[in-house]
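Please study the sequence and the three-dimensional structure shown here before reading on. The paragraphs after it are meant to be read with both in view.

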Amino acid sequence: MSISRRHFLQTVIAAASATALPLLSGCKFDDDDNNNRNSSTPNYFPQSVMSGDPRTNSVILWTRVEDSAINTDISLTLQVSEDSTFATGVVNTQVIAPASHDHTVKVRVTELKPYTTYYYRFVYSKDGEDVVTNTGRTKTAPEANADTEIKFAYASCQDYIGRYYNTYLRLLEQDMLNSIDFVVHLGDYIYETVGDKSFQAASADRDIQFTDLAGALKRGGAGKEFYAAQSLSNYRQLYKTYRTDPVLQKMQESYPFIVTWDDHEFSDDSWQDNSTYLDGAASEKNRQRKLNSERAYLEFMPVDHESTGDDATTDAAALQVGDEHIGDNIKIYRDFQFGENLHLVMSDFRSYRPDHLIPEDAFPGTIAMTQEAISASVPAPYLDATLAIMHNYGTGADVRTGLGDQYLKTIFALSLSLQKQAVDRGVDMSFTQAHDILKSTFADDQLISIDFMNNYVLPQLISMGQIKAGTSIATDGAKKGMPFFLMGKTSHLADLGARYFVVKDTFDLYAQYKAAISGNTADDMYGETQRTWLTGKLTSNTGTWKVLGSSVSFSPLVMDLRAKSAGRAALPDAYAQLDAALDGVPSPFNQRFYLNVDHWDGAVVNKQVMIETMKARGNVVSIGGDIHSHYASKLADGVFDLTSSSVSSGTFGSYLDGGLDGLVGSAGLSDQQKGLVQDLKPYYDVLMESASEPLKVARTREHGVAVATANATEMSVTFYNLPTESNDGQTNFVTQNLYSQKQTVLDSIVERQYTMQDGAADLTIGGN
């Protein structure tokens with residue numbers, strides 16, 4: 001199918017004379033209402049239109065038609081014009097919305113002019129009348145040799161359940177509409193769950209109930225049940241529902257989007273085709289679910305999944321989604337050139353990455369690094385000090401011998417605990433199954449921390465009357481090693497200590513060890529093929545500024561809860577009271593923590609490889625999302641990370657509150673000790689900024705979007721952030737629909753700007 005400018009010019013006179021197409025009186029993109037349909041007409045285009053992947057001579061155009069009376073393919077007419085009134089045309093051609101694609105249609109239009117604004121619409125001829133979509137506006141990229149200033153916005157994380165997209169309103173103001181060339185969406189466009197009470201609270205008009213409930217995945221223990229998308233119908237329903245939001249529609253009618261996915265387009269904290277809801281209580285590998293999520297994504301998002309982006313070889317076409325585009329063949333990493341000054345490289349963090357380094361089902365007392373492994377990994381001058389903080393360990397046989405007649409009771413109690421943890425996650429694990437896991441964990445040849453058993457497990461069992469008082473295991477002649485407990489793992493099934501709140505110093509050692517024995521593949525988040533491609537793109541000389549679109553942040557997300565005397569950097573004078581309070585933080589909390597190793601912090605070795613790659617090129621800015629907070633970092637000379645917060649999803653600060661409560665609750669602290677730790681909640685930002693030299697700014701309790709401008713001399717990024725609530729508590733900027741109260745939102749935005757000069761090592765920070 002040819003859908004090109006040349007095709008239209010050859011046929012426009014015949015087409016215009018043969019068909020009376022509906023003409024619009026005009027389309028102003030600053031109007032609150034850009035709806036061209038008569039109110040009495042059925043809404044055949046409930047998701048409106050969207051465009052994406054703009055290049056110098058092509059763009060992808062998308063819509064979906066819905067007609068309950070038709071379950072076969074539907075024919076539409078696509079019209080493209082340089083004129084918002086469509087008085088003159090560029091394209092006027094028939095396209096098919098296949099029933100097999102849920103009547104979505106995605107068209108690559110080519111032979112367009114560089115850096116030109118186009119208007120487009122789809123027409124459905126129904127019962128002798130023409131029904132027209134809202135008018136969309138899109139824009140092509142400038143030619144590669146054009147010295148053009150480029151402006152783009154970026155955003156991520158837009159949960160729909162009980163939440164609204166008020167944060168986007170700033171991007172729909174006329175100054176933005178007049179100047180922004182495109183929008184980058186960095187992932188979590190949808191959330192795969194509905195009713196997950198850990199972070200979702202439905203409202204009367206912002207709720208989703210799966211119509212294909214039998215095809216959905218039920219998760220959560222008693223009283224915490226929720227459903228996650230699993231079938232193709234489930235995933236399609238999410239996109240269809242999210243895209244009925246009028247503000248999201250307006251955004252997508254106004255700008256071309258360049259997108260990548262993160263985890264929630266498939267499953268939270270996923271890796272390849274594996275989910276992590278159950279914390280290892282059962283296998284969550286589900287290839288068909290992953291394929292369904294990919295197919296729905298490619299159907300509903302204007303990503304050019306058939307092209308590598310080489311303009312010389314891309315033909316005009318209606319794009320189909322087949323088995324050849326998903327699964328092992330999936331590839332959404334790609335790059336875009338916007339004149340001389342901006343080269344955008346979009347990456348895929350989820351499709352090829354390995355599992356998290358610390359297993360969610362690791363028994364805390366299992367030895368992760370032996371004395372021999374530590375000795376081989378730590379330089380001689382630091383070895384004795386390192387071994388001094390490690391645990392005495394022995395084999396399962398040593399534990400059995402040491403416990404004597406209390407061994408079976410100990411295993412019995414631990415099996416009951418494991419079974420309960422599994423049942424709490426909705427897994428029907430029998431006691432026999434749990435017991436078999438514990439017997440395997442304590443098998444004769446397995447290595448177990450005797451210190452963990454003596455200092456944590458046995459005292460708890462003694463206090464509950466499950467084993468005899470005074471029971472302990474001798475440590476005579478034991479070696480010193482690192483159990484998972486020393487990396488923060490306190491429970492057999494847990495994300496805490498596996499993906500969140502991981503002890504930095506011990507994890508760094510373990511990560512380097514795992515990288516060494518795996519040939520640097522244990523934390524290769526991109527996979528060899530993508531990493532090679534990215535390295536080539538990032539080190540090429542095209543474009544003044546290289547921008548790496550990363551769904552997750554490169555900023556170091558570290559929190560230092562040590563006392564000043566233990567080595568933590570001094571806090572600003574204004575926080576003297578906090579400095580003193582940290583002296584009272586009890587063990588094991590008085591350490592440095594990685595807050596999220598599902599991110600780049602979980603790839604200690606390959607993260608540094610990527611930073612060195614970017615440093616060699618210079619003028620590189622990573623833009624990130626996923627973490628629901630705002631960060632600005634100088635990763636190296638000429639290499640920066642500017643991470644934007646969530647559009648609507650709960651802030652990282654609110655999640656940290658829950659994580660800290662969970663840690664405190666599982667540590668057996670006194671009420672006074674619990675209070676000392678929980679008193680740190682208002683100080684997350686300063687605790688992060690003081691914990692890591694590269695991190696310059698942290699804002700963990702704000703939502704936001706960002707706008708970047710790149711030219712031949714500098715690149716600047718302005719963040720437009722909103723608190724969750726107003727100071728008086730009367731307005732919630734996320735859970736209230738403020739679409740008709742735009743000024744209330746605009747008046748509450750906090751702006752922060754960061755500027756980087758061409759060839760300079762540092763960035764300039766402005767704003768609050």
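The structure is a predicted model, in which local features need pLDDT of at least 70 and side-chain atom pairs count only at pLDDT 80 or more, while totals for chains, interfaces and linings use all residues. Residues are numbered from 1 along each chain as its sequence is written, and side-chain values use heavy atoms, with hydrogens and water left out.

Consider the overall form. The C-alpha atoms of the protein fill a box of roughly 95 × 55 × 55 Å, taken along the principal axes. The radius of gyration, which is taken over C-alpha atoms, is 28 Å; this agrees with a compact globule, because a globule of 768 residues would have a value near 27 Å. The rule behind that expectation is 2.2 Å times the number of residues to the power 0.38.

The protein contains 19 helices and 33 strands. Both are DSSP runs numbered from the N terminus: helices are H or I with at least four residues, and strands are E with at least two. Contact here means heavy atoms within 4.5 Å. Of the contacts between residues at least 6 apart in sequence, 75% join residues at least 24 apart.

How much of the protein is buried? Buried residues make up 60% of the 768 residues. The term buried means under 20% relative accessible area, exposed means over 50%, and partly exposed lies in between (1.4 Å probe, protein chains only). The accessible surface of the protein comes to about 28,700 Å², of which 47% belongs to carbon and sulfur atoms. These areas come from the Shrake-Rupley method with a 1.4 Å probe, and for residues only the protein chains shown count as cover.

The interior can be described through its nonpolar cores. A nonpolar core is a set of buried Ala, Val, Leu, Ile, Met, Phe, Trp, Tyr and Cys residues joined through side-chain atoms within 4.5 Å. The largest such core has 60 residues, and Y165 and Y168 have the most contacts inside it. Helix α5, which covers residues 287-300, gives the most to this core, with 5 residues. Beyond four places in sequence, Y168 touches residues that include A155, H185, M251, V647 and V705. A second, separate core has 59 residues, among them A422, L458, F507 and L509.

Several single residues can now be located. D102 lies in the loop between β4 (91-97) and β5 (104-109). Its relative accessibility is 13%, and therefore D102 counts as buried. Apart from neighbours within four places in sequence, D102 is in contact with R64, R236, K240 and F300.

Most residues other than glycine have a negative phi. Y115, however, has a phi near 45 degrees, a positive value in a residue other than glycine. Y115 lies in the loop between β5 and β6 (117-126) and is partly exposed, because its relative accessible area is 28%. D188 also has a positive value, with phi near 55 degrees. D188 belongs to the loop between β10 (182-185) and β11 (193-194), and it counts as buried because its relative accessibility is 0%.

Leaving out residues up to four places away in sequence, D181 touches Y115, K139, E149, I150, K151 and P256. D181 and A153 are 28 residues apart in sequence, with 8.3 Å between their C-alpha atoms.

What does G481 touch, not counting residues up to four places away in sequence? The residues it touches include I367, M369, T370, H391 and Y393. G481 is found in strand β21 (residues 479-483) and is buried, with a relative accessible area of 0%. The C-alpha atoms of G481 and E372 are separated by 8.4 Å, although the two residues are 109 apart along the chain.

Neighbours within four places in sequence aside, A443 is in contact with G396 and A397. A443 and T93 are 350 residues apart in sequence and 69 Å apart in space, C-alpha to C-alpha.
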